[in-house]
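Thanks, everyone. Let me put the structure up, and we'll walk through a few features.

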Amino acid sequence: MKIIEKMAQKAQDNAGCEGVTIAFLGDSVTQGCFEIYRTGPDTLETVYDKKSSYEMALYDMLSVLFPSVPVNIINAGISGDRSIRGIKRLERDVLRHNPDLTVVCYGLNDCRWHDTSIDEYVGALRGIFEGIKKTDSELIFMTPNMMNTRVSYHMTDPFFVEIAEDAAKKQNTGLFDKHIDAARELCQEMDVTVCDCYAIWKKLDASGVDVTELLANKINHPTREMNRLFAVELLRTMFNN
């Protein structure tokens with residue numbers, strides 16, 4: 001990708017070239033959300049740990065490879081966000097920063113039970129991709145992680161159990177697979193580079209790995225260790241495209 005070329009040029013001519021900016025548009029996983037706790041009868045608290053997010057893991061890797069090159073990270077992830085909301089804040093949160101690369105990751109909150117869920121998801125992604133393609137930013141669509149496949153034995157709160165049961169049903173019935181497949185087809189149609197982390201999670205699951213226990217909240221937030229998988233695959237994508 002051109003962003004790698006820019007970083008290499010900057011490393012060779014630090015005074016004559018500008019640094020690079022990478023923007024990340026997505027939901028709670030992008031924002032850096034992990035565990036969720038109940039703090040009262042009607043209140044919840046989410047653990048925000050941005051230093052353990054996949055963006056910062058990628059930043060650390062790029063800092064090792066290009067130690068003299070400034071990399072500006074724009075984290076435009078919002079907990080609970082869906083792609084349809086991402087369109088509305090694309091200019092404000094991403095494009096006005098003139099990123100060299102924009103990574104888009106949506107799907108977890110877009111997967112819904114109504115009949116138009118997939119069409120809405122694809123339509124919103126199309127709008128986001130079109131907006132980015134009008135700029136000089138390169139674009140990667142990163143598929144998300146899997147949801148839980150069962151209710152974890154660590155989970156006892158009825159409120160969280162109900163959410164976990166719903167997420168597991170979406171995952172196990174193939175509903176979430178259909179959303180991701182539709183997003184991949186759109187990327188092929190629009191010539192958008194895909195970093196397919198979902199495929200890796202599916203392979204882990206098929207190989208007998210308990211993917212539910214790889215989720216910090218046992219529903220849809222990957223652990224800190226599994227956030228590194230996103231970073232590794234993004235780095236691989238950046239160098240191979």
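Start with helix H7, residues 175-190, and helix H8, residues 197-206. Their axes come within 11 Å and cross at roughly 145°. This is a predicted model, by the way. H7 passes H8 in a left-handed crossing. Who makes the contact? From H7, Phe176, Asp177, Ile180 and Arg184. From H8, Tyr198, Ala199 and Lys202. By class, that contact divides into four nonpolar residues and three charged, with no polar ones.

Next, the aromatics. How many aromatic pairs does the structure hold? Five. Take Tyr54 and Phe230. Their ring centres are 5.3 Å apart, and the planes sit at 55°, so this pair counts as tilted. The cut-off for edge-to-face is over 60 degrees. Now look at where the two rings come from. Tyr54 belongs to helix H3, residues 54-65. Phe230 belongs to helix H9, residues 224-240.

Last, the largest pocket. It holds about 500 Å³ of space. Its lining counts 24 residues. Closest to the centre are Gly80, Asn109, Ile163, Ile219 and Asn220. Which elements give two or more residues to that lining? Strand S3, 43-48, and helix H6, 158-172. H6 gives the most, with six residues.

How values were computed
Residues numbered from 1 in each chain as written. Predicted model: local features only at pLDDT ≥ 70, side-chain atom pairs only at ≥ 80, totals over all residues. Heavy atoms only, no water. 1 Å grid on protein atoms, 1.4 Å probe; cavity = no way out; pocket = protein on both sides within 12 Å on 5 of 7 lines; lining within 4 Å. Points joined across faces, edges and corners; volume = space filled by probe spheres on them. Helix = DSSP H or I, 4+ residues; strand = E, 2+ residues; numbered from the N terminus. Axes fitted to C-alpha atoms, helices over the stretch in contact; angles between N-to-C directions. Left-handed = near helix turned anticlockwise from the far one by under 90°. Contact = heavy atoms within 4.5 Å. Nonpolar A, V, L, I, M, F, W, Y, C, P; charged D, E, K, R; others polar. Phe/Tyr/Trp six-rings, centres within 6.5 Å; stacked < 30°, edge-to-face > 60°.
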